Amino acid sequence: MSETAKGHLSAGLTVAIWTLTFISTKVLLKDFLPIEILFIRFLIGFISLLIVSRKIVPFRNWREERYYLIAGLLGVFLYYYLENVALTFTLAMNVGVIGSVSPFMTALISRFILKQGTIPRVFVLGFICSMIGISLISFSGTLNVNPLGDGLALLATVCWAAYSLIVKKISTFGQGTIAATQRIFFYGLLWMVPVLFFSIDTFDFSRFTQITNFGNLIFLGVGASALCFVTWNFSVKTLGAVRAAVYIYTIPMLTTLASVLILAEPLTVRTFFGILLTLTGLVLSELPNFLRQRKIRANKRLHD
């Protein structure tokens, strides 16, 4: 299997697991504060990565170290914290749709701030198709807008887009994906400590004795954090930040399909067309890269 194929496979696996995280988080919010869930899941994730690999990224200089520091702030702390806070002000469907803007946001930051690459028209068309499809899946009635909640969700999306681009830069430092993710988690946990300290007065350990809470925390820590951040960072390293981010379009679609298959919820005509448009947008967004790779392979065969 080629590295590109592995990158696509790992991105698909990542979003498939992330599709289920909302359910786990929603269950845990009955007994835990958002910042508690965030800290515990990434602490479990950090410990899991240490068990899997004892290799620690050595400190070489602050020029490199600052990228790990900022990645921990943006991708581990701010993205999830802002998203959780946004959910207290606005509808979950709003947060889901706004979060799906991440691929386009990543492309915008890459093009206009970092001055890297271009944004093909077909990519924009793919973005429009996916957003229409996601809106058909998510919105069942009138649009309910909350400026504060929706604004926080959009800010979270900017944080994730910037995180993905920083991870692409970190991948050039020559460190292993697991070791680099360990370092990012470490700084993310440090950023959370002040908020955690000022948010809680007492800590009830009896909550962990409940099998539902324990199971969901293990899933979020080991699966959605340790495993998924490693696979996501590998996808970004292999495919690039923009190409990997396109898979985020599929999260609302996969959530809907899981509801149909697992919870036996009805699949409406509106939702069906929403899924088709989302998939069409995904294909169109990847089309420029497919054509470019095909041209490279053709030229290589010609020269051989």
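**View 1. The largest cavity of the predicted model, with a volume of about 100 Å³**. A search of the whole structure finds one cavity of 30 Å³ or more, a cavity being a set of points, on a 1 Å grid over the protein atoms alone, where a 1.4 Å probe fits but cannot get out; grid points are joined across faces, edges and corners, and a volume is the space filled by probe spheres set on the points. The elements that give two or more residues to its lining are α8, α9 (177-199) and α10 (211-239), and α9 provides the largest share, four residues. By class the lining divides into four nonpolar, six polar and one charged residue, where Ala, Val, Leu, Ile, Met, Phe, Trp, Tyr, Cys and Pro count as nonpolar, Asp, Glu, Lys and Arg as charged, and the others, Gly among them, as polar. This is a predicted model, in which local features need pLDDT of at least 70 and side-chain atom pairs count only at pLDDT 80 or more, while totals for chains, interfaces and linings use all residues. Residues are numbered from 1 along each chain as its sequence is written, and side-chain values use heavy atoms, with hydrogens and water left out.

**View 2. The second largest pocket, which holds about 610 Å³ of space**. A pocket is an open set of points with protein on both sides within 12 Å along at least five of seven lines. Of the 29 residues that line the second largest pocket, Ser 110, Gln 116, Gly 117, Leu 165 and Val 242 lie nearest its centre. Helices α6 (102-113), α8 (147-170), α11 (241-245) and α13 (269-303) each supply at least two residues of this lining, which has 16 nonpolar, seven polar and six charged residues.

**View 3. Helix α1 (residues 3-18) and its buried residues**. Helices are DSSP runs (H or I, at least four residues) numbered from the N terminus. The end C-alpha atoms of α1 are 22 Å apart, in agreement with the 22 Å that its 16 residues should span at 1.5 Å a residue, the expected span being 1.5 Å times one less than the number of residues. Gly 7, Ser 10, Ala 11, Thr 14, Val 15, Ile 17 and Trp 18 are buried, that is, under 20% relative accessible area (1.4 Å probe, protein chains only). Seen down the axis of α1, these buried residues fall within an arc of 160°, taken from the directions from the helix axis to the C-beta atoms, so they line one face of the helix.

Technical notes: Buried means under 20% relative accessible area, exposed over 50%, partly exposed in between (1.4 Å probe, protein chains only). On a 1 Å grid over the protein atoms alone, a cavity is a set of points where a 1.4 Å probe fits but cannot get out, and a pocket is an open set with protein on both sides within 12 Å along at least five of seven lines; lining residues have an atom within 4 Å of a point.
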